[in-house]
Amino acid sequence: MRLIDTHTHLDFPDFDADRTEVLARSRELGVQRLVVLGVYQANWQRLWHLVEANEELHAAFGLHPVYLDDHQPQHLDELRNWLDRLAGHRKLCAVGEFGLDYYLEALDRQRQQALFEAQLELAIEFELPALLHVRRAHAATIATLKRLRPKRGGIIHAFAGSYEEAREYIKLGFRLGLGGAATWPQANRLRKVVAQLPEQSIVLETDAPDMAPAMHPHQRNSPEYLADICAELAALRGVTPEELAAASSRNADELFGWG
């Protein structure tokens with residue numbers, strides 16, 4: 001079974017003690033590619049060193065809305081410089097993680113929107129997919145995407161919206177990132193949506209070290225759990241894990257331009 005983890009934070013200190021072992025175990029379980037996403041300027045260099053040192057890792061760089069107060073105006077210029085310097089590099093696969101977070105009320109929405117649009121315009125300029133954080137902000141995100149129309153689309157990370165919202169994203173060329181959240185039995189609405197989604201819209205992810213699945217509760221999440229997540233979501237959809245793994249990996253390959 002071939003798996004692709006489209007959303008990880010393997011550069012985080014949570015993995016400093018055993019990162020090499022985690023990657024080895026993940027590889028043995030079929031995880032052949034992983035996307036590591038930058039979330040603020042200070043972690044981009046560390047992330048790039050990690051990606052360069054491991055064949056299966058690919059990089060995305062972005063300014064995450066949760067770290068809004070850490071981002072400085074010059075960081076957008078630095079993001080452009082990173083994307084320009086690495087343009088065409090096989091290890092650079094997207095812009096992200098960025099987007100809108102309306103769950104945390106202390107985050108200024110106007111500043112978030114300005115940062116969101118600036119990064120979306122960079123994704124358009126450099127013809128890269130956009131890997132988006134969207135929390136309780138689907139209407140604003142969809143409206144922005146309809147206005148700016150990024151040609152390469154991207155992924156709505158940790159999708160937890162309605163079926164109608166899913167359809168809007170799909171029409172805009174976005175895939176839906178599914179991970180640990182839908183494995184929890186109490187996530188009834190999300191599980192019903194996951195069961196209905198078109199096969200071509202789904203990509204798998206862990207968000208490691210966050211959002212651990214139900215079969216590994218209260219633990220550090222890890223790419224090595226992706227096979228378990230795949231099996232649970234496949235059961236929800238009435239297909240085999242192998243079928244879901246093949247479809248999600250094919251969708252990721254198409255999105256990122258991997259042969």
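I took helices (H or I, at least four residues) and strands (E, at least two) as DSSP runs, numbered from the N terminus.

Before going on, I noted that this is a predicted model, in which local features need pLDDT of at least 70, side-chain atom pairs count only at pLDDT 80 or more, and totals for chains, interfaces and linings use all residues. Residues are numbered from 1 along each chain as its sequence is written, and side-chain values use heavy atoms, with hydrogens and water left out.

**Entry 1: the helix**

I checked the length of α8, which covers residues 226-237, twelve residues in all. From first C-alpha to last, α8 reaches 16 Å, close to the 16 Å expected at 1.5 Å a residue; the expected span is 1.5 Å times one less than the number of residues.

I then listed the buried residues of α8: L226, A227, I229, C230, L233, A234 and R237. Buried means under 20% relative accessible area, exposed over 50%, and partly exposed in between (1.4 Å probe, protein chains only). Viewed down the axis of α8, the buried residues fall within an arc of 155 degrees, so they line one face of the helix. The arc is that of the directions from the helix axis to the C-beta atoms.

Next I looked up the cover over these residues, taking contact as heavy atoms within 4.5 Å. The cover includes the strands β1 (3-8), β2 (31-37), β7 (174-178) and β8 (202-204), and the helices α7 (188-196) and α9 (241-256).

**Entry 2: E224**

I moved to E224, in the loop between β8 and α8. E224 counts as buried because its relative accessibility is 13%. Which side chains make polar contacts with the side chain of E224? I found R25 at 2.7 Å and S222 at 2.7 Å. A polar contact is a pair of N or O atoms within 3.5 Å; within protein, one must be able to donate a hydrogen and the other to accept it, and residues adjacent in sequence count only if both atoms are side-chain atoms. Leaving aside neighbours within four places in sequence, I recorded contacts of E224 with V22, R25, S26 and L29.

**Entry 3: the whole chain**

I counted nine helices and eight strands in the protein chain. Of its 259 residues, 57% count as buried. Residues 24 or more positions apart account for 72% of the contacts with a separation of 6 or more. I noted a box of roughly 45 × 40 × 35 Å for the C-alpha atoms, taken along the principal axes.
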